[in-house]
Each structure stands twice: as structure tokens, then as C-alpha cells.
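Okay, everyone, thanks for coming. Let me put the model up and walk you through a few residues.

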Amino acid sequence: MNKRLFYAGSWPDSAALLEGALWVGYAWSIQWSLVNHQSLVFLLATLVVLICALTTLLWQPLKLTLARYRVRKRRTEMWMHILYPPMLLAPPLWWLLERIVGSLPDAQQWTLACLLMTVGWLVFLISLLIKRLIRQYRQSLSDHAAD
């Protein structure tokens, strides 16, 4: 195994990415339930979220790991990427869409919020990949300087 893949920053990144994917998937399950008027997908997604939350709160090793500073920092960055785009961009975009197209149902408003959440999560993923590439580049430079 390559030891460079298992550095101290990879676990916080993975935890934040998985948590972000969980919340984005949960938002899309709400959207799907609103559009199709069936609550089964929403109930299943709620069950998955509750199981993950209970596991996080009750399983002591995971609870201690998620309480560490690096993980909290990455999770805060993830929340900023997921929550800020819908909160800051959705109202002006929705206002513009209402002026152009006219009034649309509430499900389309939620679809816009879900799209912005997904884009925010993808931006977070891309930023983590760029940070990882920069870290590997610096590591390779320091390895070559040591040789």
C-alpha cells in the first residue's frame, strides 16, 4: 500500500464528504417525495439519516473521532459549501425565474435549493481534490529535496 494516501488529513476529508453526500441525498429524497407525492423514499432516507446520527452519537470511537478539530473544521467547511449557496443564491435566482417564467409550484423551489446544494457539495469535493493535489506536490518536492 502507498503510505501517502493515508495521511492525517484524509479521514476528516472523507468524513466531511460522506456527511455532505448524506445530507444532499436526503434533500433530494425530499424533492422526489414532493414531486411524486409518495413518502416512501423520504421515510427510508430519514431512517438512514437517523441510523447514521445514532451511530455517531452512541458508538464511542466514532464519537471521539468526529469530535477532533480537523474533522470539525472539514465538516464546518462542508456545511458552508452546502448551506450558503441555497441561502444566498436561491432567493435572487427564484425571483429572477418568477419574473421570467411566472409562478411555479413549491416543488420547483425545492428543486432549485437541491441543485444549489449539490453544486455546493461538488465545489467542496473539487476544493478537497485540489488541496490533496497541492499536498502531494509539496510532499514530492520535500522527498526530492531530502534525496
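**Some contacts between helices**

Let's start with K131: its relative accessibility is 31%, so K131 counts as partly exposed. By that I mean the middle band, with buried being under 20% relative accessible area and exposed over 50%, using a 1.4 Å probe and protein chains only.

Quick housekeeping: this is a predicted model, where local features need pLDDT of at least 70, side-chain atom pairs count only at pLDDT 80 or more, and totals for chains, interfaces and linings use all residues. Residues are numbered from 1 along each chain as its sequence is written, and side-chain values use heavy atoms, with hydrogens and water left out.

Back to K131. It forms a salt bridge with E77, the closest N and O atoms being 3.3 Å apart. The pair links distant parts of the chain, 54 residues apart, with E77 in helix 4 (residues 69-100) and K131 in helix 5. A salt bridge here is a side-chain nitrogen of Lys or Arg within 4 Å of a carboxyl oxygen of Asp or Glu, and the structure holds one. Helices are DSSP runs of H or I, at least four residues, numbered from the N terminus.

E77 itself is at 16% relative accessibility, so it counts as buried.

Now, which residues does F124 touch? Not counting residues up to four places away in sequence, F124 touches A16, L17, R74, E77, M78 and H81, contact meaning heavy atoms within 4.5 Å. F124 lies in helix 5 (residues 106-146), and it's buried because its relative accessibility is 1%.

Notes. Helix = DSSP H or I, 4+ residues; strand = E, 2+ residues; numbered from the N terminus.
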